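Morning, everyone. Let me walk you through one structure, starting with where its chains meet. Please look at the screen.

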Amino acid sequence: MATSAKKNPIDTIFSLVTAAASLTVIILIIAILFELFRESSPAMDRFGVWKFLSSTDWNPVKESFGALTNIYGTVLTTLLSLVMAIPVAMGIAIFVTEVSPNFLKGPIGIGIELLAAIPSIIYGMWGLFTLSPIMSGYIEPFLKKILEGVPIVGVLFQGTPMGIDILTASIILSIMIIPFTASISRDSFNLTPAVVKESAYAIGATKWEVVKDVVMPYSKLGVFGGIVLSLGRALGETMAVAFVLGNNHRITTSLFDAAATITVTLANEFAEADKDIYLSSLFYLALVLFMMSFITLAIAKFFLLKAERKYSR
Amino acid sequence: MKVFLKMVFVLAVVLSFTSVNAAETLNGAGASFPYPVYSAWAFDYNKVAGVQLNYQSIGSGGGIKQITARTVDFGASDAPLTTEELNKDGLLQFPAVMGGVVPVVAIPGVKEGQLRLDSDAICKIYLGDIKHWDDSKIKSLNPGLNLAHDEITVVHRSDGSGTTAIFTTYLSELCPDWKDKVGAGTSVKWPVGIGGKGNEGVANYTKRTPNSIGYVEFAYAEQNKLAYVLLKNPAGNFVEPNFKTFEDAAATANFDPKKHFHLWLVNAPGKNAWPIAGATFILLAKEKTDSNKKVVAFYDWAFKNGDKKANELVYVPLPASLKDKIRAYWKANGLQ
Amino acid sequence: MTRERWRKAEGFFALLLSTLAAFLGLFWLIFILGDVLVHGVKALNLGLFVNDPVPPGVEGGGLRNAFTGQLLITFSATLIGVPIGVLGGTFLAEYARGHRIARLISVLADIMVSVPSIVIGTFIYAILVKPIGHFNGWAGAVALSIIMIPVVLRTTEDMLSLVPWTLREAAFALGAPYYTVITQVVYRGAATGILTGILLSIARVAGETAPLLFTSFNNAFFSVDMKQPVASLTVTIFQYAMGPYENWHQQAWAASFVITLFILLITIAGRLIIKWRYK
């Protein structure tokens with residue numbers, strides 16, 4: 001690094017100012033963790049860690065709180081949305097990198113980005129007013145009719161389709177995360193060196209075989225990182241789900257039932273928790289969510305960094 | 001450098017904006033039960049006194065919580081607090097208006113005032129024991145109605161609600177089963193159903209879900225043309241929710257200023273009384289003397305000028321004798 | 001069927017599926033945007049921007065306070081978040097380049113980008129609402145700025161790193177101190193990239209609802225006082241959409257349309273700037 005003969009005072013000031021600015025990131029994360037811990041300590045003292053995480057009680061009247069119903073809802077909607085989103089996102093990535101003619105690549109890319117830019121409250125509104133009636137009027141009765149009797153799978157389709165339930169919420173979530181997964185997958189696919197693909201073509205592989213056996217294995221670290229990143233995003237989604245989830249604190253096996261996620265519980269009950277232990281339990285939930293998303297992102301980062309290192313070899 | 005100066009200038013403009021003497025703002029939050037009438041009163045009061053009374057409907061639980069945390073100037077709750085609770089948090093309480101909680105249904109073909117239910121039927125529906133509209137219990141109460149074997153979707157509140165408190169107090173008083181399994185309160189562990197946020201949310205979900213049943217403050221049923229239900233009251237009559245039956249329920253009420261007006265109006269004994277009536281209360285923090293005087297000034301104005309508006313929205317204004325008791329309470333507590 | 005025919009068929013089928021997937025993605029986009037467009041335009045009228053809300057049951061009314069409030073909060077958040085983000089990114093790309101702390105902060109910033117926004121809302125409630133004694137617009141602005149800072153920081157860092165080191169060396173050779181090199185040379189070179197990052201972060205927070213729910217709260221009246229609750233478009237959309245009144249629903253659609261249009265325009269502008277500059 002170049003240095004001048006004597007230290008310029010303005011330089012020192014500027015470097016300190018910028019250093020302070022960048023330190024806000026560390027300070028904020030520590031502050032958030034500190035506050036969350038502090039506010040949830042009454043609940044932590046009362047309920048402990050394991051008991052809170054495994055209790056299905058959410059009873060403001062009897063002042064007994066447990067996170068399991070919320071965690072269950074969060075995990076179920078997130079996993080379901082991933083299951084629905086990943087195939088579509090991969091399909092889009094494959095299309096954009098391998099199948100589509102060049103002139104289409106730009107517009108479709110922009111289209112996917114626009115999908116990502118739509119604010120989550122719009123998804124929520126659309127879900128409540130447009131998707132939910134379609135679900136309760138056509139799709140859910142149809143699914144119920146053909147799948148209700150099937151053993152094992154049928155258990156997911158019991159009860160009256162109301163449109164305001166886990167299935168609708170998961171579908172909306174999946175639409176929201178498609179763009180993330182698709183664009184990271186596309187970027188990972190594009191990093192496959194042309195040489196490797198060309199050698200495969202040279203020995204007579206079809207396009208699909210190149211995708212299946214060359215591109216995808218090569219980029220699997222990046223793609224996996226992208227999937228975990230989308231998982232993290234879906235975990236923290238509030239507004240898109242708040243409209244159509246139904247807010248019922250219980251563990252249920254039917255996709256046609258209402259449920260609760262951590263984010264929606266926070267949105268609905270935070271401003272109203274009137275007893276101290278109630279508010280503290282909500283902060284405890286927020287802490288649990290923060291931990292879950294932190295861990296998920298750390299895992300995603302790990303894979304993405306590994307992929308980066310591999311590709312820049 | 002130039003850009004930096006420009007930004008500073010803009011920042012200065014924005015900041016000057018915010019210290020411009022904005023119109024006087026009073027912040028209140030709480031029950032969605034009286035939201036239609038409070039916001040109507042605030043709208044008119046703003047024209048008369050220039051004060052912006054910003055009332056946010058977040059549920060009675062929210063009202064209690066926010067005034068306890070002193071993040072608003074007044075809280076509103078349909079669930080009255082007891083003297084111990086008020087003393088613990090340094091709060092004062094008085095009623096503002098009365099109304100009725102009404103079960104509403106969205107059954108295809110059933111219009112308002114057609115379906116008859118009693119407390120036993122409602123209990124069982126909300127407990128999940130009665131699951132279909134053509135259940136024998138419901139049929140026996142409604143011999144003239146053709147009810148199909150449709151599954152009932154129960155709608156309740158997802159937030160902390162005084163309306164829920166009134167409704168569950170009504171159920172607990174008459175159904176030992178409900179009292180045992182669920183109990184009464186602003187936020188209970190509902191055995192079945194989907195939760196809507198606020199009276200608004202319950203009205204919304206009930207409206208768009210066929211074969212559903214919900215409970216809302218009557219103004220919401222009226223404004224959204226929801227089909228209300230006839231209930232059997234303790235005197236044995238099936239009554240319709242309207243101004244007269246609410247008034248009848250309120251007529252027997254004896255509010256005691258010494259108990260800070262704590263009173264439930266459910267299961268009132270009158271012949272034509274609506275069984276799920278309730279008053280809604282304003283909560284003030286004792287030490288906020290300045291803002292308390294302004295809040296009281298608003299409610300004083302509403303007591304003098306707001307009865308007509310309340311009637312229009314089918315709320316029962318407090319009787320003159322009660323208003324006098326409240327004014328005496330204000331004077332005794334340094335609020336006026 | 002011969003092995004070759006089978007492979008060809010399998011390939012065709014698989015690629016057909018991927019094409020369908022792409023069109024499914026586009027289908028959702030068009031469906032959702034189309035819905036917002038149709039419902040929103042129907043309810044759009046001048047009164048929406050000029051009038052303030054009226055109580056349920058009264059005719060007319062608009063969302064003037066919500067539009068103003070949204071602009072005020074977003075603008076304030078930008079004023080707080082962008083300078084911190086840009087300066088922070090500068091530190092990581094310049095003074096701390098290559099050091100371990102830069103790596104650490106970079107990774108932490110990435111993680112912060114995905115912290116659920118509602119958790120940030122609860123955090124700000126604990127430090128900026130409860131101690132002050134009432135909800136206020138500044139709390140909402142700070143909550144949004146916390147979401148913006150890591151985004152702007154990372155884009156700035158990335159864009160500054162793209163500027164070739166030789167450019168800096170040339171400036172040093174002329175005797176310029178480092179801060180002059182940064183402000184006069186490097187910033188100029190990375191300006192469009194940084195601008196895009198800023199635009200995208202604005203697009204991101206302009207549509208946020210959860211962090212505002214218990215910070216800036218909501219206000220039924222027109223107010224520009226940031227020390228009190230401020231109405232915002234997103235929270236109002238939430239409130240109106242969950243309510244039962246038909247005209248509330250219409251206003252919610254119109255507001256959704258305006259916000260979506262605003263955000264999409266900013267996003268497209270950001271992308272176009274990059275494309276034009278780095279062609």
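Start with chains A and B: the contact takes 17 residues from chain A and 24 residues from chain B. Contact here means that C-beta atoms, placed from the backbone, lie within 7 Å. This is a predicted model, where local features need pLDDT of at least 70, side-chain atom pairs count only at pLDDT 80 or more, and totals for chains, interfaces and linings use all residues. Residues are numbered from 1 along each chain as its sequence is written, while chains are lettered from A and ligands numbered from 1 in the order in which they are written.

On the side of chain B that touches chain A, helix 3 of chain B gives the largest share, five residues. Helices are DSSP runs of H or I, at least four residues, numbered from the N terminus.

Now chains A and C. Here 73 residues come from chain A and 70 residues from chain C. Helix 1 of chain A, residues 9-47, gives the most to chain A's side, with 18 residues.

Next, the inside. The largest nonpolar core has 296 residues. Such a core is a set of buried Ala, Val, Leu, Ile, Met, Phe, Trp, Tyr and Cys residues joined through C-beta atoms within 7 Å. Buried means 20 or more other C-beta atoms within 10 Å of the residue's own. Helix 12 of chain A, residues 276-311, gives the most to this core: 16 residues.

Ile172(A) is among the residues with the most contacts inside the core. What does Ile172(A) touch, not counting residues up to four places away in sequence? Its partners include Tyr123(A), Leu131(A) and Val244(A).

Definitions and conventions:
Contact = placed C-beta atoms within 7 Å. Helix = DSSP H or I, 4+ residues; strand = E, 2+ residues; numbered from the N terminus. Buried ≥ 20, exposed ≤ 12 C-beta atoms within 10 Å, placed from the backbone.
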